[in-house]
Amino acid sequence: MARVSTDALPEPTTESTRRLREALTAAGFTADGLLDVLGASAYAALARGETVPALRATRGGGPLETLTRLFLLQQAVPYGSARAVLPVDEALSDRWLERAPGADPLQGDAAADTPAATDTPAAVRATVDVRPYSGPGGEDWWIVSDRGCAVGGAGGVGGPREAGEGSPGQDVVLGVGGASTTLAGLMVPTPVARALDLGTGSGIQALHASRFATHVTATDVNARALRFARLTLALSGAPEPELREGSLFEPVADEEPYDLIVSNPPFVISPGARLTYRDGGMAGDDMCRTLVQQAARQLAPGGYCQLLANWEHQEGADWRERVCGWVPPGCDAWIVQREVQDVTQYAELWLRDAGDHQGDPAAYAARYDAWLEEFAARGTKAVGFGWVVLRRTDAERPSVLAEEWPHPVEQPLGEVIREHFERQDFLRRTHDGALLEHRFVLADEVVQEQVGAPGAEDPEYVVLRQNRGMRRATTVDTVGAGFAGVCDGTLSAGRILDAIGQLLGEDPAELRARTPESIRLLVEQGFLSPVVD
């Protein structure tokens, strides 16, 4: 299987990388600049891997149009146009650029105007994909990956390729996709000493972690991925990470524990290890299970491990019990299933991902059949996708929650995740009597909805709904709604219940006895937060 590009990846110096970054910035080759030049429709299409609208929007030939065509659309551009916006000869020397296929040397007056007249090509093209990316603090970053490997594109991972370039190689390195941005939005942004990006790919998670981690280690079984990760962080002006080659936790097995571990691993459940970036080479969901089980011994006390994962829905088994069984002792866990696909949908998704749908129909059918045969042999009826967050607490009674939540959420969720585990700590150490002595605050932007027949004196039920974070909704009774509405941090839960009892004519002692369970649920789901003195 041929590679998308050769091993001649860019090898810039620190200074030449700085000059390239300055040139990209000066031309407005940023996420905001792209939106301005392309417009919302073409920008959204480009995110889906569709390039025609962007090609139409960049016909003007200005600096930003030139860079977009060169680095995002993989188009050859005239040498003079590239020279007007980039240190082009240095970029050629560093191998960011190369002579476009079939481009003859410049002739005549044009050649005399260049520093290397006898060798200068008429046109150049990029050797890699350089994609503007906006950091969570408004940083202008650039993600470097293999050329022509748009994630989620209509043509599959390789997209449309020129004649002779072949199919995507096993060690192809992808750029920004929905999974990588999802994980970045989940990352708990607490300042830490040591962070690990396991399976770094093009370095997106390592780049995010560099904002708040003193030391970042990035690992990958694919040596090319480590080279791309170095380019991504260098071009984005981030500190260079420590790079380690190897599988799973092997490269860091003897290292000090980490305060944060993030991983967008090769989680695809497939019949074989065909593409390194997605296929872990283990049976079923064993790759994700192994990562979760081994994480505890690599985590420092209080440290987080956050990863995306697929898991099997097997005949006669509850997926929640299966995945909760992966959680190692000494760790709290929050497991959220965001999507479920039956085995046919799942196989079709990843066959399209590799571009198999555009190839030989017989080969496509054979691969499709192999996926279904693998699932049938394992008793797998569907596959779930979501996230797993572990926090090492060494608690005697760990909190392990697995839930299905396919509804829209508000990214980023890093702070929401941190607060979730802090609330679990509070609930674990607070018995019911002490719970009533605490004061609570209703979360921001929680609204109340009353549901019932029109004209009815009382609602059939009351719903509290979050407009932030996980955007949960929960049904409460009259007491629960009244309790939540009064929680502004000034009165203890017990005093609020006493007042509600007097108002409703109910026995306050009975209310105190039956309400702690409801309070715990509201705290666990993030509707209420305990006041910390």
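**Close-up 1. Helix α11 and its buried residues.** In helix α11 (residues 286–295), the buried residues are Met 287, Cys 288, Thr 290, Leu 291, Val 292 and Ala 295. The model shown here and in the other views is predicted. Cys 288 counts as buried because its relative accessibility is 1%, under the 20% cut-off.

Close-up 2. Searching the whole structure gives 0 disulfides. Cys 288, a buried residue of α11, is in no disulfide, and the nearest cysteine sulfur to its own, that of Cys 305, lies 11 Å away. For Cys 305, the closest cysteine sulfur is in Cys 331, at 8.2 Å, which is too far for a bond; a disulfide would need the two sulfur atoms within 2.5 Å. Cys 305 has a relative accessibility of 2% and therefore counts as buried.

**Close-up 3. Helix α10, its length and its ends.** Helix α10 covers residues 223–235, 13 residues in total. At 1.5 Å a residue this helix should span 18 Å, and the end C-alpha atoms are 19 Å apart, so the two values agree. At the start of α10, Asn 222 places a side-chain oxygen within 3.0 Å of the backbone nitrogen of Arg 224. Just after the helix, Gly 237 has a positive phi of about 75 degrees.

**Close-up 4. Packing around helix α10.** Buried residues of α10 are Arg 224, Ala 225, Leu 226, Phe 228, Ala 229, Leu 231, Thr 232, Leu 233 and Leu 235. Their packing partners include the helices α1 (14–26) and α9 (204–209). The buried residues of α10 also pack against the strands β4 (128–134), β5 (140–146), β7 (213–220) and β8 (242–245).

**Close-up 5. The second largest pocket.** The second largest pocket holds about 1,000 Å³ of space. It is lined by 44 residues, of which Leu 413, Glu 415, Val 416, Glu 419 and Arg 423 are the closest to the pocket centre. Helix α15 gives the largest share of the lining, 9 residues. At least two lining residues each come from β4, α8 (178–186), α15 (414–429), β14 (439–442) and β19 (528–530). Strand β4 is also one of the elements against which the buried residues of α10 pack.

Note on methods
Residues are numbered from 1 along each chain as its sequence is written. This is a predicted model: local features need pLDDT of at least 70, side-chain atom pairs count only at pLDDT 80 or more; totals for chains, interfaces and linings use all residues. Side-chain values use heavy atoms; hydrogens and water are left out. Helices (H or I, at least four residues) and strands (E, at least two) are DSSP runs, numbered from the N terminus. The expected span of a helix is 1.5 Å times one less than its number of residues. Buried means under 20% relative accessible area, exposed over 50%, partly exposed in between (1.4 Å probe, protein chains only). Contact means heavy atoms within 4.5 Å. A polar contact is a pair of N or O atoms within 3.5 Å; within protein, one must be able to donate a hydrogen and the other to accept it, and residues adjacent in sequence count only if both atoms are side-chain atoms. On a 1 Å grid over the protein atoms alone, a cavity is a set of points where a 1.4 Å probe fits but cannot get out, and a pocket is an open set with protein on both sides within 12 Å along at least five of seven lines; lining residues have an atom within 4 Å of a point. Grid points are joined across faces, edges and corners, and a volume is the space filled by probe spheres set on the points.
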